[in-house]
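Subject: Structure for you to look at

Hi,

Here is the structure I promised to pass on. Please open it beside this email and follow along.

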Amino acid sequence: MSSDEEANTTAGKFVRLSGAMENVESSEKPEKKRKKGIIYISNIPRYMTVSIMKELLGEFGKIGRVYLQNNKKDGDDQAKKMKKSRRKYTEGWVEFESKKVAKLIALRLNGKPISTRKGSKFCDILWNLKFLSGFKWLHLSERLTFEKAVYRQRLQAEVSMARKEANFYGDNLDRSDKMRKRKKT
């Protein structure tokens, strides 16, 4: 080592003498974009809403988005008539701003009671959480779009089948009327 390098290392700073000068602005570390983590909740208790979910899980980390899937057993008319607070959700996804926080929450809360207060609506109900590695919110929205398209196709197929049956029944009714008229004459 040269005497300059020894002096720089003992002072805690090492200055590189060779090489191009860098801008002061570029020497600052660029802010790293944090990866978001998504947790899947397979069992949503009755009376659980998006706001309650954000409140309960928001204590552990910053929440980005929450999606709770409606119960598909109810018809569309019944779901519209039901009040929002009384809706039954079957499953849900919660996006956390930090992937590490999402992993920790899934590990620590899975199998634990939602609330320990006896008067709570969620007393004696356990969290059922799973961290989805490699899963992005885009995947969820694509899946939901696909499910809606499949549902529309199925409805369209049922309507066309009902039309065919009605036309077939109408044609057979006309034939039977013509046959009765021929037999009478």
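Residues 24 or more positions apart account for 69% of the contacts in the chain with a separation of 6 or more. Contact means heavy atoms within 4.5 Å.

A word on the source. This is a predicted model, where local features need pLDDT of at least 70, side-chain atom pairs count only at pLDDT 80 or more, and totals for chains, interfaces and linings use all residues. Residues are numbered from 1 along each chain as its sequence is written, and side-chain values use heavy atoms, without hydrogens and water.

The chain has six helices and four strands. These are DSSP runs, numbered from the N terminus: helices are H or I with at least four residues, strands E with at least two.

The four strands make an open, antiparallel sheet in the order β2-β3-β1-β4. Strands pair if DSSP finds at least two bridges between them. β2 (63–70) and β4 (129–132) are at the edges with a single partner strand each, so one side of each has no neighbour in the sheet. On average, neighbouring strands are turned by 20 degrees against each other, direction ignored. Axes are lines fitted to C-alpha atoms, for helices over the stretch in contact; angles run from 0 to 180 degrees between N-to-C directions.

β2 pairs with β3 (residues 89–96) over six bridges. Y67 stands opposite W93 in β3.

Helix α3 (residues 50–57) packs on the sheet and touches β1 (37–41), β2 and β3. Its direction makes about 140 degrees with that of β2. Helix α5 (residues 99–109) lies across β1, β3 and β4, at about 150 degrees to β4.

Best wishes
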